[in-house]
Amino acid sequence: MIRKRILGRYQRYKEKMAHHQKIAVVKRHTSLLHKGFASGHHELPVVLCLVKNGMEHLPSFMNHYRELGFEDFVFMDNGSSDGTLDFLVKSNCTVYQCSLGYEEYIYAMKQFLVHLCGQGCWTLYVDVDELWLYPGCNTVDLSRFVNYLDRAGYNACQAHMLDMFPKNFQFSDGPKDSNTGVLGEDYPFFTLQGLKKSPFDRYFIQDDGKRFQYHGGVNQHLFGLKDIYLSKIPLIKLDKNMLVHITSHISKHVVLADLSCALLHYKFTNAFFVKAKKIVDEKRDRWAVDYYGKILKKMEGGAIVMAEQDAFQFNDIQQLLQLGFIDASDAYYASNNTNQKPCP
């Protein structure tokens, strides 16, 4: 037993050292392009994002998070050429640049941002095609939300990804102009078909026993891809014991809150088909090449249309609570005096 405990501590030490060594490599290859606005409101999370050529999503991204109450934004650019940098500078965001290879250093770049900005405060790491929402966000302001997490002793909060799509869920051979330029209006539908649950049974994660992870969803329902995980831990208050964002979906040694949030995921946009073909042709990321290649193969011969009875039109966060896609505890509702508890 003692030998096993010592070996466990040694393995954890080795993992932590490797974690910090990669972050150090990213630090050496990172430069500050623009220092943006810093609110000084340390009780509010800082939005972090690794981006390359994000102009399709950035206007909606910035509007969404500012409307939620976020003030500080820190981006890591990995080689944009589509106007992303100009947009971020004009939006007064803090922008870093790193030219290291995406496939090898994707997680280290995310970790660098958290370690840079998250000492003693909350950070929300999201991809540029993800719009985060928390239970009661239309009645509970952001500061009250994170104050609840602090008072309850949590240092992380889970979120489940929900793929959004247009009415007919079909793709063309080339990108089309958006109807409105607002993602929520152009891609208002989602489905719960194909969603599967599995428990958190590893990763050194503490929780209330009700946390789980989703996988499948649209990827399984339409494309037969079964092992695509849809749950993340984007909201984190860093401490010395954590290993953050070791994959896109897992951080270790965290205490998860007794609620879950949503990540509206705008991957299946008008430009998806062209992007997918480009990723496969460029072979930039082995996992992405395999993933997008399977989707493209499934789409050969014509568009795929979502059955009308399988789709919901997104209304608000309360809808996702009532459908059981996300949840929140009685303690959370009581703390915020909100009447948005879902129907039993």
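**Salt bridges in a predicted model**

Arg211 is buried, with a relative accessible area of 5% (buried means under 20% relative accessible area, exposed over 50%, and partly exposed in between, using a 1.4 Å probe and protein chains only). This is a predicted model, in which local features need pLDDT of at least 70 and side-chain atom pairs count only at pLDDT 80 or more, while totals for chains, interfaces and linings use all residues. Residues are numbered from 1 along each chain as its sequence is written, and side-chain values use heavy atoms, with hydrogens and water left out.

Arg211 forms a salt bridge with Asp327, their closest N and O atoms being 2.7 Å apart (a salt bridge is a side-chain nitrogen of Lys or Arg within 4 Å of a carboxyl oxygen of Asp or Glu). Arg211 lies in the loop between strand 9 (195-199) and strand 10 (212-216), and Asp327 in the loop between helix 10 (317-322) and helix 11 (330-336), so the pair ties together parts 116 residues apart in sequence. Helices (H or I, at least four residues) and strands (E, at least two) are DSSP runs, numbered from the N terminus. Asp327 is partly exposed, at 23% relative accessibility.

By this rule there are 7 salt bridges. One of them joins Glu56 to Lys275, with 2.8 Å between the closest N and O atoms. Glu56 is in the loop between strand 2 (46-51) and helix 2 (58-68), and Lys275 is in helix 8 (residues 272-282), 219 residues apart.

Asp290 and Lys294 also form a salt bridge, at 3.4 Å. Both lie in helix 9 (residues 286-298), 4 residues apart, about one turn of the helix. Elsewhere, Asp127, Glu130 and Lys232 are linked in a network of salt bridges.
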